[in-house]
Amino acid sequence: MPQQAAIAVHAYDSDANLDGRTDDEQEHQEPPQSKSQSRTSKIRSFRIRTVSTFVLIGSFLGFIWSGHVPLMLMIFCIQFAMVRELFRLAQKAQQEYAIEAEQRQGRRGLRKAKLGSSQQWYFFGVAAFWMYLRFVKNQLVVEITSSAKLAHLFGWVMRRHSLLAYSLYTAGFVTFVLRLQKRMYMYQFGQYAWTHMILLVVFIPSSFFVSNIFDGLMWFLLPCSLVIINDIGAYLFGICFGHRKLIQLSPKKTWEGFIGGCITTVVASWYLAGFMSRFKWMTCPRTDLSVYSWLDCEPDDLYKQTRYSLYEIEDAFPQPIPDYLDYWRQNGLGMQHISPWLTSIGQFSFTARPMQFHAVVLAAFASIIAPFGGFFASGFKRGFKIKDFGDSIPGHGGMTDRMDCQIVMATFSYLYFNNYVARETLAVGGVLTSMLQLRPDEQLELFSKLANILAGDELLPEEFVHDITETIKARADALSSRSCNASL
């Protein structure tokens, strides 16, 4: 729902009508104004939108230039704004129960029973601790192991991260149960349910973009851009050719705009992926948490130019697409069985990057499925009879209004990358994370053997390795004796 790029193009949002208003804005119009007042208001609104759009575009480009960690912080700020807007909406949704509870218990009783904003934000903090540390664990291990003090302070947290997150959540859960009061159960459980729904539907899915960032900026920037391109394409095609309504939730959405946006997104994805694949800043994964540090890596084959023939193109797509095409061809429906001249066409070859084929799959999802995130948000707003989720962005409404489709796209791009693209590769952070799971005596044994390997490769002097080996042996004996005494 990252994000500031999606915010920046709200002026071209496909929910917008010809007069610049969304469907929800039309339902909640203010009383009629004179022509001069209406014109002045529209000009003022256009100026505010234009200024904020350029500010947001510049800010987003600045975050991309700054690197992975600033982008991660940007995502967190956007999530914070979205959750704040929805927490306020939850209070409005519970207003009826709040009045009833106040009549039964009085203001003091209501305040005592209420799942206050502090507890709501506590659950938000626990969710952030669990999700973010889960995604940057390998990078964080690289940083804390650069210092013995940091490794001593945070080593246990890294080993027991999931258990610690669960313990923190359990503490909040127990606190909620202890605050339950008679004749106020509906109100209290309503607040509890709203808090968890917001975190599960909005915060957790949007957090998947954090993982995408460290896998390569391209896996964050490309999905976001495709959602924006689809919005613009659907808007333009809808204005020029739209006649048939697409969905009742958004009467101004048309089939022509939907199909035109799909075609525009797929075509744009091919060239945009080819362009981004040229830059190491976009394709190299970040293995630490350094800021303003340039990346240099050997480009993966995914981003290199490869020659394909039409017969081989199926292998560039993820499964099960190649299997379906192979079955189609083996059953006499392939091009070579139709006519000789089609066979010659099938031998035509061209050059492309494998990433471009993956981009087409992302584009198909961004144009067919991701818009339903916007439909969902539109129906939600209609149910509460509100125009926007908030007013976080001048001239654009709330942050949630701009991020609805991006939430759906974040989850898909994360799952797609980890299921079809990611390869099992070794990195320092991953090895250190695995090492932290070993017992202390096993860690010492590993360190001793690694020192011998480095000495064998003449990367460490033998005298240094001998001293290390003796020290490790003495420390291992001490640990062994301590363990025996503890068992007695």
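The legends below walk through several close-up views of this predicted model.

**A note before you start.** Residues are numbered from 1 along each chain as its sequence is written, and side-chain values use heavy atoms, with hydrogens and water left out. Because the model is predicted, local features need pLDDT of at least 70 and side-chain atom pairs count only at pLDDT 80 or more, while totals for chains, interfaces and linings use all residues.

**View 1. The whole chain, to get your bearings.** The secondary structure comes to 22 helices and four strands. Helices (H or I, at least four residues) and strands (E, at least two) are DSSP runs, numbered from the N terminus. The chain has 488 residues, and 43% of them are buried. Here buried means under 20% relative accessible area, exposed means over 50%, and partly exposed lies in between (1.4 Å probe, protein chains only). The accessible surface of the chain is about 27,100 Å², and carbon and sulfur atoms account for 62% of that surface. Accessible areas come from the Shrake-Rupley method with a 1.4 Å probe, and for residues only the protein chains shown count as cover.

**View 2. The largest nonpolar core.** A nonpolar core is a set of buried Ala, Val, Leu, Ile, Met, Phe, Trp, Tyr and Cys residues joined through side-chain atoms within 4.5 Å. The largest one has 76 residues, and Phe203, Trp219, Phe220 and Leu222 touch the most other members. Helix H4 (residues 68-93) gives the most to this core, with 13 residues. Take a moment with Leu222: setting aside neighbours within four places in sequence, Leu222 is in contact (heavy atoms within 4.5 Å) with Leu272, Ala273, Met276, Met355, Ala359 and Leu362. A second, separate core has six residues, including Leu133, Val141, Ile144 and Leu436.

View 3. Trp255, Ile259, Ile263, Val267 and Tyr271 make a nonpolar surface patch of about 550 Å². Patches are made of residues with over 30% relative accessible area and no salt bridge; like charges are joined within 9 Å, and nonpolar side chains (Val, Leu, Ile, Met, Phe, Trp, Tyr) within 5 Å. Val267, one of the patch residues, sits in helix H13 (residues 255-276). Val267 counts as partly exposed because its relative accessibility is 45%.

**View 4. The disulfide.** A disulfide is a covalent bond between the sulfur atoms of two cysteines. Counting pairs of cysteine sulfur atoms within 2.5 Å as disulfides, there is one in this model. The partners are Cys284 and Cys297, with an S to S distance of 1.9 Å. The torsion about their S-S bond is about -90°, so the disulfide is left-handed. Cys284 and Cys297 are 13 residues apart, and both lie in the loop between helix H14 (280-283) and strand E3 (306-309). Cys284 is buried at 1% relative accessibility, whereas Cys297 is partly exposed at 24%. Among other cysteines to look for, Cys240 is exposed at 55% relative accessibility and Cys405 is buried at 9%.

**View 5. Salt bridges.** Side chains of opposite charge can pair when their charged atoms come close. A salt bridge is a side-chain nitrogen of Lys or Arg within 4 Å of a carboxyl oxygen of Asp or Glu, and the structure holds six of them. One of them joins Asp296 and Lys280 (2.8 Å, N to O). Asp296 lies in the loop between H14 and E3 and Lys280 in helix H14, so this pair ties together parts that are 16 residues apart in sequence. Asp296 is exposed at 64% relative accessible area, while Lys280 is partly exposed at 33%. Another salt bridge links Asp288 to Arg286, with the closest N and O atoms 3.4 Å apart; Arg286 is buried at 3% relative accessibility.

View 6. Most residues other than glycine have a negative phi. Lys385 is not a glycine, yet has a positive phi of about 55°. You will find Lys385 in the loop between helix H18 (371-384) and helix H19 (399-421). Lys385 is exposed, with a relative accessible area of 61%.
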